[in-house]
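Here is a walk through a structure that may be new to you. Have a look at it first, and then we'll go through its parts.

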Amino acid sequence: MAILEMKDICKAFSGVNANENVCLNVEKGSIHALLGENGAGKTTLVNILYGIYTADSGEIRWKGRPVRFDSPREAIQSGIGMVQQHFSLVRRMTVLDNIILSLKSNGFVLNRKAAAARVASLAQKYGLTVNPITRIADLSVGERQRVEILKALYRDVELLILDEPTGVLTPQETAQFFDVLRTLKGEGYAIIIITHRMSEIMAVSDRVTILRDGRNVADLTTTQTNPEELSRYMIGRELKQGDTPAATAHSGDRLTLNGVTLAARHRHGALCDISLCVCRGEILGIAGVEGNGQKELAEVITGLRRQNVGQITLDGRDIGRLSVRGRYEAGIAYISDDRQNDGLLMGMSVCDNLLLREFRRLPFSRAGVLDRRAAVRSAENKMNTYQIRASGKTGVQTSVGLLSGGNQQKLVIARELTENAVLIIACQPTRGLDIGATEFVRSLLVRERNAGKSVMLISADLDEIMALSDRIAVLFAGKVAGVLSRKEATVQRVGLLMGGITEKERA
Amino acid sequence: MQAKQREQALMDFTKIFLLTAAVGTLLIWACGASPLEAYRLFFHGMFGTFSSFAEIFVKATPLILTGLGCAVAFRTGFFNIGAEGQFYAGAMGTTVVVLYLPDSFGVWRIVLAMAAGFVCGGIWALIAALLKAKFNISEIIVTIMLNYIIINFLGYAVRSFLMDPAGNVPQSAKIAASARLAILIPSTRFHAGILIAVCCVLLIWFVMEKTTVGYELTVVGKNQRAAACNGISVFRSVVLSAFLSGGLAAMAGGIEVLAIQKKLLEGISANCGYTAVLIALIAGNRPLAVFAVAIFYAAMQVGANSMQRQLGVPSAIVNILIGLVVVLILGKELIPFVKPAVRRLKKGGRADA
């Protein structure tokens, strides 16, 4: 009998159905995958279960009894735990203190010793090794995830919900993580794992429930299905395999970095003696686990941060001392990984946002006076060309904050991909986008490459790097751990480099 | 969606108005006066005679200019609470130039004096902007502290080097008639400074809404990080907006000296530099709205003064009510009376979550 039954769950946000009669049954001692594109309603469903949202209608039965949680606290007390995509840990506190945080059973006087003993035994049992007295800020992302899981286990949950748990892990860390999940399963825990990676579903899950547009489309046993079938259910069509044609002959270097070093402002994220080049008509993929200098690399090239040592040239011209604006005018476009902070003005309109780069130029302004009509005309064009969907009534005057993530990203790209741009720094360009938008964005990058422009694709998604790049450079701890051609780059080799194991060390 | 928002805004406005009127009535009644009579005198004070109507604009002028200054700064994300001090810096700069330039300069004496005031106020605001940009020191604290410095420095000045040699009161010499801003409508106090303020409103509106500079300032105010990522200099924008902001507040000081007081003395701002913060907030930092709110505020004060003169109801009531309005506008999210839907919204979440 299922430990959890969710029946006919409906939830609408201002008239839009996020969940429509969704059902989900999870067995004790099994790993249940929840699959779907962005916006398919996966997160909404588990948020309802976890008490963050309240369902409009439908029934939740937990261990046979109907329940309804009004807050995560109630869910946890009933034995349901969740590790969210963005961790909810207090960075300045230790692992132990995070785990026992806000527990009623703490009483008035903390008994850290007893708590530490229990954490240690849990950690031992499930292979979740982590030092309980280190502060969260000093842990890697993988370790933080272990803390989140320990935190849930410490609260005696019986069902663990994991929202996109592997997005931030290296292939090796992912394998370890799956071992932990299998152990938990063996102990009788029920696990719901939300993911969009087919390989992971095939590797670890027992059953798969697939959602599309807020509805159930399939409920399958993993051993009786295959990735092609899953993707067909998920997007309603077959997924195109990486079929981007290899680049035509590259003709010379466009961007070169020579010994670029950026002193550490804090402990993390400095660059150390980076030498790289991007050719004309080439996509150079920058792989690596996040936080190994990718963001800093992008910021040094776009001029947001100044390197301490080293040279940067674009088409033979030294751009090392140019401002952000100077470098944009020299032809560097920047698609930031943090579009809501770096790329967009959330409170301003689509039109104003599209203007952000070009407002000083004709036809958008003349002698310092803006021509709003030209801006609106150009914005309407771009909305059409780049399929940016905004509310029909307000069109280009729609506030960017009201657009979906995919449309926000298309907007950034529409603004950055001008004729003038010869080098595109694309930082996590498809993060958080659904498959349709992802394919669109990737096709645009390939289009630019084929037009002879250069792209530096910085991505934590290894599949993306493998599918698009002509060459792949791997960053580890602020250094280039290796540069591989497309042929040399196997997931295995790249994965090892991402983990900091260079070819030499292996030999 | 938009129609709904407008309807909601109208509802909010009505509720705020009714609540304020109710509190006002209660306060007047508590003073032992008849609320009806008080309101009659209140409106009579505003519209009763031509000169009292003109008085609204006289009172509004410093509020418009200082409010405009705050709006420009706030739009750029620079929280200039120093309009009061910049007002005094401007008043002093203007007075010094007007007293030391000879009569032969004619109308240029006024122009140069106003310009000097503008620069003084601008520089006074710039100090805070530079400290903010270079050392990330809170501009709020610095501008407030600079207010104390300049206000007391003015007190020192009118007792020493700026003191009228002919008298022994702490104020400057009287400004020659040729250097004053002219009264435009006889038998009222409607002076040329009012036109300067109106021109400033139009100019700042044009700059903020129609030019690349205004666009840059607005972008910096919305998101400094995005501005920097897209090649807009945050430093330049903050410095420019601070200078402009201080200069505008300083012009209010210059006009007060050249049109109303005809000399420099302590306390001439009547705290308009602080009121300006409220005016900019209520106006949502939009130049044309600043104009409207400043006129409205001045009208309330003129009405309240007449109420006080003739009925003995303290005009402070108006300040209480204005404080209430500000709290209601800024705090409406928190007050279930104004927004009963808060709880529901909180539970609802976002459609794309």
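Which residues of H11(B) are buried? They are B:Cys272, B:Gly273, B:Thr275, B:Ala276, B:Val277, B:Leu278, B:Ile279, B:Ala280 and B:Ile282. Here, buried means that 20 or more other C-beta atoms lie within 10 Å of the residue's own; with 12 or fewer it is exposed, and in between partly exposed, with C-beta atoms placed from the backbone.

## Before we go on

What you see is a predicted model, in which local features need a pLDDT of at least 70, side-chain atom pairs count only at pLDDT 80 or more, and totals for chains, interfaces and linings use all residues. Residues are numbered from 1 along each chain as its sequence is written, while chains are lettered from A and ligands numbered from 1 in the order in which they are written.

## Helix H11 of chain B and what follows

Back to that helix. Nine of the eleven residues of helix H11 (residues 272-282) of chain B are buried, so the rest of the structure largely encloses this helix. Its cover includes helix H3 (50-75), H4, helix H10 (234-261), helix H12 (287-311) and H13 of chain B. Helices in this report are DSSP runs of H or I with at least four residues, strands are runs of E with at least two, and both are numbered from the N terminus.

Just past H11(B), B:Gly284 has a positive phi of about 60 degrees. B:Asn285 sits in the loop between H11 and H12 of chain B. Is B:Asn285 buried or exposed? B:Asn285 counts as buried, because 21 C-beta neighbours fall inside 10 Å. Setting aside neighbours within four places in sequence, B:Asn285 is in contact with B:Ala71, B:Phe74, B:Arg75 and B:Ala280; contact means that the C-beta atoms, placed from the backbone, lie within 7 Å. B:Gly69 is 216 residues away from B:Asn285 along the chain, yet their C-alpha atoms are separated by 9.5 Å.

## Chain B as a whole

Chain B has 14 helices and zero strands. A compact globule of 353 residues would have a radius of gyration near 20 Å, and chain B, at 22 Å, agrees with that. That radius is taken over C-alpha atoms, and the globule rule is 2.2 Å times the number of residues to the power 0.38. The C-alpha trace spans about 70 × 60 × 30 Å along its principal axes, and 45% of the 353 residues of chain B count as buried. Among contacts in chain B between residues at least 6 apart in sequence, 75% join residues at least 24 apart.

The chain splits into domain 1 (1-31 + 314-353) and domain 2 (60-313), with bounds that come from an automatic or database domain assignment. Their C-alpha centres lie 30 Å apart. Ten residues from domain 1 of chain B and eleven from domain 2 of chain B make up the contact. On the domain 1 side, helix H13 (residues 316-331) of chain B gives the largest share, six residues.

Now pick out helix H4 (residues 83-100) and helix H6 (residues 139-157) of chain B: their axes come within 7 Å and cross at roughly 30 degrees. Axes are lines fitted to C-alpha atoms, for helices over the stretch in contact, and angles run from 0 to 180 degrees between N-to-C directions. From H4(B), B:Glu84, B:Gly85, B:Tyr88, B:Ala89 and B:Met92 meet residues of H6(B), including B:Thr143, B:Leu146 and B:Ile150.

Chain A has 18 helices and 22 strands. Its C-alpha atoms fill a box of roughly 70 × 60 × 50 Å along the principal axes, and 44% of its 507 residues count as buried. Chain A is divided into domain 1 (2-235), domain 2 (242-331 + 420-507) and domain 3 (345-417). Twelve residues of domain 2 of chain A are in contact with nine residues of domain 3 of chain A. Helix H15 (residues 435-450) of chain A gives the largest share of the domain 2 side, five residues.

Between the chains, 33 residues of chain A are in contact with 21 residues of chain B. Elements giving two or more residues to the chain A side include strand S2 (16-27), helix H1 (42-49) and helix H10 (324-330) of chain A.

Methods:
Two residues are in contact if their C-beta atoms, placed from the backbone, lie within 7 Å.
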